[in-house]
Amino acid sequence: MFSRKTEKADAPVPRDLTIEATVFFAEHLRFRTGDVAEALRKDFPAMGWPEKEDYAALADIPNSTDEMVLGALSMGGDVPRCTLIATDGGAPQISEDVLALNLANPDLIAAYGGSPGYLTLSISLEAADMVQRIDAARRLAAVVTVFAALPVATAVYWSNGLRFMAAADWVSFGEDALRDDKLPLLCMILPQSQQEAGPDGAPLTLAASVGLSLFCDYEIVMPMAPLDRPTALNLLMTVASMATELGHVFHDGDTIGGPDGPSETDGFRIRAQYADDDPERVIAMHFIHAKSPVDHEAQFGPLPKRPIRKRSSDMGWLKRRLVGRRAVPQPGHTPH
């Protein structure tokens, strides 16, 4: 958490939360949770799944999505069980706004709309720190991938990031990332962008994340800047990876290099946006391009007198905990 009073940056404050995803099927699915557990051990062995299922009594019970489903899977580590739920009341409805935000094409919308079967998968955490949130999200993503890889799977909705995509796309984005000990951010974060003409007629692009707050307690905003859309979105996801997988801590007032490295004309000024009802809680970190028309001092106030430039003592702890006893990776670009 960032504090306006102390100007100190720490890891996110532990809090209770639920991570949830829904997989849709073109026809009703019959399965046993024991088979799912075996698939997890086979497909993602490095993640260290329990060899013994804590819910063995449920493992061999046949489930079908055309009936009430209430199952559980052991996740291993410090992660609570994953619950699997389906009711006979029909699949959850994804709003038209969410479909539009995800640029869902007509074929995907038709496939999702015609899916009679579904499973909602969730993990509920208590007082979870950043490591626990990421570990739980990765494990839930692996369960989702097992179901999304089935031929009858049509779509996946990751509710914490309003992320909706074809099941095949989820597998494509997520499977390799999970096997490489990474966080499948493209499956979990909805990158948004908007373009408009600048004063000279050249295009300006705004980019923002939806869903990063699950891990960091804040979202990333890149206000209007003279960047093309692909560059802006790539930078957005790079910063998201820095904040999660690499454990970087960003400070109000810091600067960071642009796409081509440190530059007086191509870098970004970082400004913190605080909640209206809590001046101690950061809800967004704004990365303001050097050539952006946004006046950051007018919008966020004067720069801190002494911006913190020292790395957190926890820098790197996140990746070490996630990956296990492997060598610490080389850090990416460091804010300065």
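Two strands pair if DSSP finds at least two bridges between them; strands (E, at least two residues) and helices (H or I, at least four) are DSSP runs numbered from the N terminus. T83 stands opposite S122 in β6. Strands β5 (residues 82–86) and β6 (residues 117–128) pair in the antiparallel sense over three bridges.

This is a predicted model, in which local features need pLDDT of at least 70 and side-chain atom pairs count only at pLDDT 80 or more, while totals for chains, interfaces and linings use all residues. Residues are numbered from 1 along each chain as its sequence is written, and side-chain values use heavy atoms, with hydrogens and water left out.

The pLDDT, the predictor's confidence in each residue from 0 to 100, averages 85 over the chain, and 83% of the residues score at least 70.

| Residues | pLDDT | Contacts beyond four places in sequence |
|---|---|---|
| 1–9 | under 50 | 33 contacts |
| 307–336 | under 50 | 57 contacts |

Where pLDDT is low, the predicted coordinates should not be read in detail.

The open sheet has six strands in the order β4-β5-β6-β1-β7-β8, with antiparallel pairing. Its edge strands, β4 (69–73) and β8 (163–166), each pair on one side only.

Helix α5 (residues 130–148) lies across β1 (15–25), β4, β5, β6 and β7 (153–158) and runs at about 170° to β6. Angles run from 0 to 180 degrees between N-to-C directions, with axes fitted to C-alpha atoms, for helices over the stretch in contact. Helix α6 (residues 167–179) touches β7 and β8, at about 105° to β8.

Technical notes: Contact = heavy atoms within 4.5 Å.
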